[in-house]
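Thanks for coming. I will go through one model this morning, from the overall fold to single residues. Please have the sequence and the structure open.

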Amino acid sequence: VESHDQAMVGGQSFMFALADLHMYDGMNIDSENRFVYRGCGLHKTIRFATLCLGGDAYMTFMGNEFGHPEWIDFPSEANGQSHEKARRQWSLRDPSAGLKYAGLEAWDGAMLDLETEFALLGRCTVTRVDDETGLLVWEAGNGELVCVANLKGAHLYDARVGVQRFGEYNMRLDSDAPGFAGSREGEYGRAFASVHSDAHIPWDGQDCSLTVHDIPPWSVQVFKLDPDTERSFIPVTHYEHHDDSWASGGDYDYIDDSECYF
């Protein structure tokens, strides 16, 4: 996401590049500054996408995990041996400070916990990139997780997303949740694998699909398959009831408890 020089010797950190000077007066937890909302949203979303899709390793520079607003500059002849920037203001992330930095750090911890549980590094597969809508989708955990990101500034409603496995998907993480310096109210939602006339709806090269009802601007949502609801499926030949004849339809049906539903 950001290089060493962006946090050292006077460069701009990723968060500062996104929000600029609005960080100095718009990071209060109750602030509705649109520049800060965009900056926080993209900071969380792009860092998570980098963790999942960037390769086999992930590192963050001290303080950047919560969007520290300033760089580090150690005393030198160039700065007159100043210690002014030779520090990290760790107090900014303290929840008692009432600032959005606490939410950014909470998100960093949540996504690292998810990596520990599902081994995301180098094991995720992108299934959709839509430049027009800003939709980015990838799968992880052998299809157990589906990650849905909105990289643009408008809500995406009822977005269909392809998935490998059929079942009920519950929201595991939502970067726009209030606890992560987001704006969403209420509990995490849920989405379901979409089924039409007892047949699966393939999408984006995947055998099944689900509908995500609302993806907020500049955010990412992670859905996890509920293993208790998963059903296996195979392509089947379906029976045309209206004329009592068999036809090779290739519809996708599911097998549940050794029964095949037509």
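The protein has four helices and 13 strands; helices here are DSSP runs of H or I with at least four residues, strands are runs of E with at least two, and both are numbered from the N terminus. This is a predicted model, where local features need pLDDT of at least 70 and side-chain atom pairs count only at pLDDT 80 or more, while totals for chains, interfaces and linings use all residues. Residues are numbered from 1 along each chain as its sequence is written, and side-chain values use heavy atoms, with hydrogens and water left out.

Some totals. Of the 262 residues in the protein, 46% are buried; buried means under 20% relative accessible area, exposed over 50%, and partly exposed in between, with a 1.4 Å probe and protein chains only. The protein exposes about 13300 Å², and carbon and sulfur atoms supply 50% of that; areas come from the Shrake-Rupley method with a 1.4 Å probe, and for residues only the protein chains shown count as cover.

The largest nonpolar core has 23 residues, and Phe48, Leu114, Leu120 and Trp138 touch the most other members. A nonpolar core is a set of buried Ala, Val, Leu, Ile, Met, Phe, Trp, Tyr and Cys residues joined through side-chain atoms within 4.5 Å. Which element gives this core its largest share? Helix 4 does, with five residues. Phe48 is in contact (heavy atoms within 4.5 Å) with Trp107, Met111, Leu114, Leu120, Trp138, Cys147, Val220 and Val222, leaving aside neighbours within four places in sequence. Another core, of 17 residues, lies apart from the largest one; among its members are Phe166, Tyr169, Leu210 and Val212.

Next, strand 5, residues 168–174. Five of its seven residues are buried, so the strand is largely enclosed by the rest of the structure. Strand 5 pairs with strand 10 (residues 219–225) in the antiparallel sense over five bridges, where pairing requires at least two DSSP bridges between the strands. Within that pair, Asp174 stands opposite Gln221 of strand 10.

Ile72 sits in the loop between helix 3 and helix 4. Is Ile72 buried or exposed? Its relative accessible area is 2%, so Ile72 is buried. From Ile72 to His83 is eleven residues in sequence and 9.5 Å in space, C-alpha to C-alpha. Val129, by contrast, lies in strand 1 (residues 125–130) and counts as exposed because its relative accessibility is 57%.
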